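Please follow this account with the sequence and the coordinates side by side.

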Amino acid sequence: MAVVLPFAALRYDPDKVGGLARVVTQPYDKITPEMQQEYFRRSPYNLAYLIKGEARANDSAAENVYMRAAAWLRTWREQGVLLQRKTPAIYAYYQEFSPPGAPGASRMIRRGFIGLGRLEPYESGVVFRHERTLSGPKADRLELLRATRAHLESIFMLYSDPKKRIESILEEQTRRAPVSQVEDEYGVIHTLWEVDEADAIQALQQEMGDKKLIIADGHHRYETALNFARECRTTHPNREADCSFALMTYVNMEDEGIVILPTHRLLAGMKQWNREEFLSKATGYFTPARYPFTDAGQRQRALDQMRAEMRAAGSVSLGALFHGEDAFYCLETRKDVPWAQLLPDLSPAERSLDVTILHRIALGQCLGIDEESVRKEQHLSYERHFEEGVEPVLRGAAQACFFLNPVAIEQVREIAFAGRLLPQKSTDFYPKLLSGLVLYALAH
């Protein structure tokens, strides 16, 4: 069963920091070097100092980015920059946003709540993952957790509640004034309410009791928290609450505000790259449709045609743009290919995903890029928007861009509950949870 607890959150005092907008951030793994410097510029109390601090040339075991984060956290609490609630609560958390790439679309709201979630090993059948993880980020987050003894960011969890009983409980609680509201750099409005009535908390806990959870975002942080919990039980015995719980945000996967964006792949630095050779091999697996262009206006129309064809295709379809050729391609999988025999280790659900076919066929079979190279991001980088994938190819900074349709929430659910894993960066849930609204500090 999924166990959710209220907790006494640490929260910024807006008066001490000049407003929340100066101190909150995107999740640590979305913070580029440019974003990091902008966050540092905004405020000496910005959360980036804790979750994405700068390494220094003279760092040592006693003085490093993790030790500095712990010192800042301690100082900010002493100064009253971060205040701890006196009694436990659950925190209703709504995000109002416009879907990217859909100008003129109506604003959407994603409804969720924040609590402490009990950390469950995957084999217990309560928490399910859907993406692979890498050792580097987990080692980094574990050092930060050890130093600060605080969960500084929330793990994004999905549950299923078709009748929306939990949303009904939250709606009752969100009729009063929120305790905080802030707009981020993407125009997303984040609103937080404290839920401290015993009856409401108990009702939420009862509804969550039979839920299975899927990690939407935060796989590395979840597995880091599991590792930390094992350590914590040894170093701090009889502290089960501290050891076994982490900060989690829960959202109904049937919520109308669930948006998953594709993550397109840019290819660069391949010495043996040859687009004619690639297309020749690709025709053994795909039926290509070509959309040529000669100027910017035609290029946009060709891009729109390719995207429409990708969405309308009756099977897996990849988009592509190659440097040196003024044309987009839609590569639709051939129905005469024995896909089950070609990919016998994959389930039908996995074989139905653009990202899987891209990695195993277009990259693996046609370009010889193996899974280990993909995991190490050799020759690959990632872009969220179609236009951002086009520009590097046009100017020669990338050899190609492969465009994907988004993974559907139903596909995430089926694959996760089946115990299968997607390649890294297969899903991009939008918007991201804002970091800095609530923190959870463990006792020392």
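Glu38 is partly exposed, with a relative accessible area of 28%, where buried means under 20% relative accessible area, exposed over 50% and partly exposed in between, for a 1.4 Å probe and protein chains only. This residue belongs to helix H2, residues 33-42; helices (H or I, at least four residues) and strands (E, at least two) are DSSP runs, numbered from the N terminus. Between the C-alpha atoms of Glu38 and Ala349, which lie 311 residues apart along the chain, the separation is 41 Å.

The model is a predicted one, in which local features need pLDDT of at least 70 and side-chain atom pairs count only at pLDDT 80 or more, while totals for chains, interfaces and linings use all residues. Residues are numbered from 1 along each chain as its sequence is written, and side-chain values use heavy atoms, with hydrogens and water left out.

Thr263, in the loop between strand S13 (259-261) and strand S14 (264-267), is buried, with a relative accessible area of 10%. Leaving aside residues up to four places away in sequence, Thr263 touches Tyr382, Glu383, Leu404, Lys425 and Asp428, contact being defined as heavy atoms within 4.5 Å.

Helix H14 (residues 354-367) is largely enclosed by the rest of the structure, because eleven of its 14 residues are buried, among them Asp354, His359 and Cys366. The end C-alpha atoms of H14 are only 16 Å apart, short of the 20 Å that a straight helix would reach at 1.5 Å a residue, the expected span being 1.5 Å times one less than the number of residues. After H14 comes Gly368, whose phi is positive, near 75°.

Two packed helices are described by the angle between their axes and the distance between the axes. The axes of H6 (residues 165-173) and H7 (residues 198-208) come within 10 Å and cross at roughly 165°, these axes being lines fitted to C-alpha atoms over the stretch in contact, with angles from 0 to 180 degrees between N-to-C directions. H6 and H7 are therefore roughly antiparallel to each other, since angles under 35 degrees count as roughly parallel, over 145 as roughly antiparallel, 65 to 115 as roughly perpendicular and the rest as oblique.

Helices H4 (residues 65-79) and H5 (residues 135-148), by contrast, pack at an angle of about 40°, with their axes 8 Å apart, and are therefore oblique to each other. In this contact Tyr66, Met67, Ala69, Ala70 and Leu73 of H4 meet Asp140, Glu143, Leu144, Ala147 and Thr148 of H5.
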